[in-house]
Amino acid sequence: MSYSYSQRRKRRGGRSLILLLILLLPAALIVLPSSMLLLAGMIPTIVAIIVDRDEDKSAALTVGAMNLCGVAPFIVQLWQQGQTMGLAMRMLTDPKSWLVMFGAAGLGWLMYFFIPQIVVAIATLRAQSKIKELEERRSLLIADWGTEIMARPDPDKPEPVGLMDDMGATEKQP
Amino acid sequence: MASSAEIDDMPPLAAKARQDSHLPPVDLGGRCEIMPASPLPGFDSAGGAAYAARLSRDRKTECFAIVTDRPVPARIEMMSSFRSIDNPAVTRLLDWGAVDWSPEGRRRFAVIFERPGGRRVMNDLSDMREPFGDDQIVRGLLPALLYALREMNARGMTCGAIRPTNLFYKDAASGMVMLGDCLSTPAGYGQPALVETIERSMAQPSGRGPGTIGDDLYALGVTLLVLHLGRTPLPDIDDDTIIRMKMDRGTYPALTGHLRLPQGLLEPLRGLMTDDPKQRWSLSDLDLWLQGRRLSPKQPQVPRRGARPFEFQGEQLMHCRSLARGLARNSAAAAPVIERGDVEKWVRRAVGDETRAEMVQTAITSANVGGRSATQEDKLVARVTMALDPPSPIRYRGAAVMPDGLGTALAEAIWQNASVQPYAELVLAQLPMFWVNCQADFRPEYVPMIQAYDGYRSLLEHAGMGFGIERILYELCPACPCLSPAIRDYYALTPAELLGALDHLATKPTRGRDPVDRHVIGFLTTHHKKLNDRLLAPLSGQHDPARRMIAMISVLADVQDRYGPARLPNLCNWMVSLMDPVFKRFKNRETREKMKAEVNQAARDGVLEALVRIVDNVEAIRADDKGFLSAMRQYENLTRQIEQLKSGAYVRSDAADHAGKQVAAIVTSVIAGLTLIGTIIFMAKG
C-alpha cells in the first residue's frame, strides 16, 4: 500500500498550512515588526515541526508552547512601545532576547525528553502495584479453592453427580 | 464383701466363686432375670452352662437359663415353634435372647427353660445307672418321647438332641422323663457318635445339619437301648471304632450283637436302629406298634461286601462306605489310587455294583472338568467318596459337612478363626450339587438347596464387600450373630442390634478404623434384602475414598431408617471423623467449613440419613463445581495479567512512549498557557 491514509493526511495538512500563511500574509505585513520578531523567535519551533516525524507533532507542540512563552514578553513589549521596526531590530540584535526565546524552546525540548521518562517510571510503579493486587487476588482464590485451580479447566469433564443420584435412590419399602 | 487382699489369698476357683456370688442378676429384655451367682451344673447342656433364672411376670415358675458359650449359633429360627409345644415330655421353652453377660463383660445368647423337678437321667455315657425295665420303657418312656417327637415333627422341626444324657426326670417321685435343651446348639452338635446315624456321625458336629425325624428316631432307638442297659452297649470304645463297627456290621448288630434283649424291646429297637432311612421305623410305625399292632420283623441289613478286600494304607476295606471313609482321610494317597482306576474296578468287580461303579466314573470325569488346579486331588477324592457313599457328608480338605449343615460349620470355623478356604472351595467346586446327584432318592427339598448353592457360587465369585464367604455364612445361617471381629462380643442378631453395637463400639478407644467390614456388610445385605446392591461396588473401591465413605454411610443410614435404632450419635460421630475425603470432594473452603459444621450438628441428633443428605447433596456439589470452574478461569485470567505486567511490555511499548510524549505536550501547553497569561497581565500592569 503505497498511498496510505497518513500520507494523504500529511499532504492535506501541508496544503492547509500554506493556505493559512497566504491568508495571514496581509496581516503579517500590517504588523511587520511583530511578525519579524515572532518569525525569528519561533525558529526552534519551525525546526521542531520539520524534524518531528510524529503524526501528532507532540515535539513541535511541546517545544512550540515553551518557545511561545519565551517570545511572548518581547511581543508584548514591542506592542507597548509602539511596534516599530527599530525596536524590533533592537530586540533582535540583543543576545539576551535570543537567550530567552531560544532558552524557553530548549526548556521545551528538555520537557519533551524527560516527561515521557517520568510517565514510564510512574507506569512501572503502577504496574508493580497492580501485580501485587492481582497476586493477592490469586492467593485468595487458592486459599478458597485450593491449588487445584492452578490447573487448566477441562472442557470434557462431566458434570458431577451425587452418589445416590448416580445410582438411583435406595429402594424404599412401602 | 471380701477385700481384694482376701481374694488374692484364696485359691483361684474359690476366689472366682466368691466373686461370682456377688454378681448382680442379668436382665433379659425386662422379662427375665438370670442369676450368674447361681449356676446349676445339673442342667448344663451342650450349648453352655445353666444358671438359675426368674421370670418377671411369673415368679412361681422355676426356671433356668442356658447361657451359650459355644462357637456355633443357637437354633433361634426354631424357638417360636418350640415355645408353642406344650408337652410334658419336653422341657418348656419360656424365653430367649441376647443378654449383657456381666461376668464376662460381653453379650451372650440365653435360652430360658422351665426347670424339671428331677435330676438328669444319666450324667455321662460312661456312667452306669439302674436299668429301665422293658415295661417302664414301653409304657412310659417310649410313648412320652414319641409324643414329643410327633409334636416337633408337626411343627417342621427336628430335635437333634435325643440322648441319654439329655433326659431329665420330670419330678423326683414319678419316673416320668422329659427331653432337655435341644435349641442352644445346632441339631446334632452335642450328640455322641453312638446315638447318631452312621452318615451323620461322620460329619463334624457343627456340620450335621438339621437332619430328619428319621435321625431322631434312630437316636431314640439307641437311647432306649442305653437306658435299658443302664450303660452304653459299647463301653470304652472310641467314636471312630464305634462308627467302623456300625459300618461293618450295621448298627443293630454292632450294638446288640453281644446282648440278650427282652422280646418286648427287640422289634422297636431293631426298627429304630435300622441304618437304611427308608427301612427305619417311622413315627406311625412306632405308634402302631405301641397300639399293639405287630409289624413284620425287620431283618438286620448287612452292608454289601466286596468279594475281596480293597487294600488301602494297610487297611483291608470290605465295604464301599468304609472305603470312602478311608479315602477321605488321606486324600493325597487316595488320588493316585482313584486315577489309576483301582477304586472303580474294585466296585465293579469285587462289589459287583455297576451303578455305583458308573457313579465313581462320573465323579472322576466331573472332577477333571475345568482343568487341573492345586486342589484337584482333594476335589477328586471328595467326589469319589460321595459316589461310593452317597448319604455320607461332603468330605473335603478336613471339612465333613452335610449340605444343609454347611452354614453352622462355616460359622464355627469363623468363630474359631479357623480357615474358611475349604468351605469356599467346596461351594465353588459344586460339591453339594454332586452330592444331590449321587443320592438314590431325589427329595423335593434338594431343589431349593441346589438353587441356593448356585447363587452362593455366584456370590463367591465376587470379591467385593457384601459378597464372598462372609455373605454366604449369613445366607446359610440367618440365626448366626454378626461375627465381625470387632463386634462379635455384642452378639448382634438383627440389623438394629448391629447398629446399636457399632454405636457402642464407637465410644471405645480400641475401635478400628472403619465401622464396616466384610462381615458387617454381609450381615446387613442378608438381613436387609431391599438394600440397593449397587451401593456395594463403591464400598470395595479404594481409589475413590469419598464415594466409598458415602456408600458406607448410605448403607448404614438405610438400615437405620428401616430397622432403627432412632438415634446413633456415637456412630454418627465416628462416621464424621472418617469423612475427610467426603469434605475434600467440595473444593471451596467456605463450603467445606459450612458443611463440617452442619454435619457435626446433624451427628448430635444421631440420624445417619441426615449426614447423607448433607454430604451427598447434588445441588451443592454442582454449585461447588461450577464455582470451581469459574475460579479456575479467574485464576488463569489473573495469571495472564500478572505475566503481562511482569514482562513490562506496556512500559517498553510504543504506546507508552507515545503516551509520554502526549503527556509532555499537554503539560508544557498548560504551563505555557499559564505563563503566557501571567506575562501579559504582569506586563500590562507594569
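Reply: Two strands are said to pair if DSSP finds at least two bridges between them; helices (H or I, at least four residues) and strands (E, at least two) are DSSP runs, numbered from the N terminus. The model is predicted, and local features need pLDDT of at least 70, side-chain atom pairs count only at pLDDT 80 or more, and totals for chains, interfaces and linings use all residues. Residues are numbered from 1 along each chain as its sequence is written, while chains are lettered from A and ligands numbered from 1 in the order in which they are written.

The pairing may be followed from strand 1 of chain B, residues 26–28, which runs antiparallel to strand 2 of chain B, residues 32–39, with 3 bridges joining the two. Within this pair, Asp27(B) faces Glu33(B) of strand 2 of chain B. The two strands form a hairpin with 3 residues between them. In that turn, Gly29(B) has a positive phi of about 60°.

Strand 2 of chain B also pairs with strand 3 of chain B, residues 48–55, in the antiparallel sense and over 5 bridges. Here Pro39(B) has Tyr51(B) of strand 3 of chain B as its bridge partner. Tyr51(B) leads on to the next pair, for it also stands opposite Ala65(B) in strand 4 of chain B. Strand 3 and strand 4 of chain B run antiparallel and are joined by 6 bridges.

A residue is buried if 20 or more other C-beta atoms, placed from the backbone, lie within 10 Å of its own, exposed if 12 or fewer, and partly exposed in between. Because 6 of the 6 residues of strand 4 of chain B, residues 63–68, are buried, this strand is largely enclosed by the rest of the structure. Both of its faces are covered: one side carries Cys63(B), Ala65(B) and Val67(B), the other Phe64(B), Ile66(B) and Thr68(B), and all of these are buried.

Buried residues also occur in the helices of chain B. In helix 9 of chain B, residues 263–272, the buried residues are Leu265(B), Pro268(B), Leu269(B), Arg270(B), Gly271(B) and Leu272(B). Their cover includes helix 4 (134–154), helix 6 (213–229), helix 8 (251–256) and helix 10 (283–290) of chain B. Leu502(B) belongs to helix 21 of chain B, residues 495–505, and it counts as buried because it has 25 C-beta neighbours inside 10 Å. Two residues are in contact if their C-beta atoms, placed from the backbone, lie within 7 Å. With its neighbours within four places in sequence left aside, Leu502(B) is in contact with Ile487(B), Pro515(B) and Leu571(B). Leu502(B) and Trp574(B) are 72 residues apart in sequence, and their C-alpha atoms are 9.5 Å apart in space.

Some backbone features lie in loops. Most residues other than glycine have a negative phi, and most peptide bonds are trans. Gln313(B), not a glycine, has a positive phi of about 55°; it lies in the loop between strand 9 (305–312) and strand 10 (315–319) of chain B. Gln313(B) is exposed, with 12 other C-beta atoms within 10 Å. Asn417(B), not a glycine either, has a positive phi of about 55° and occupies the loop between helix 16 (406–415) and helix 17 (421–428) of chain B. Asn417(B) is exposed, with 10 other C-beta atoms within 10 Å. The peptide bond from Gly564(B) to Pro565(B) is cis, with omega near -5°, and Pro565(B) sits in the loop between helix 24 (545–563) and helix 25 (569–577) of chain B.

Chain A, by contrast with the strands described above, has 7 helices and 0 strands. Of its 174 residues, 25% are buried. Between the chains, 50 residues of chain A are in contact with 54 residues of chain B. Helix 4 (58–80), helix 6 (95–145) and helix 7 (163–167) of chain A are the elements that give two or more residues to the side touching chain B. Helix 6 of chain A gives the most, with 20 residues. By class, this side of chain A has 29 nonpolar, 10 polar and 11 charged residues, where Ala, Val, Leu, Ile, Met, Phe, Trp, Tyr, Cys and Pro count as nonpolar, Asp, Glu, Lys and Arg as charged, and the others, Gly among them, as polar.
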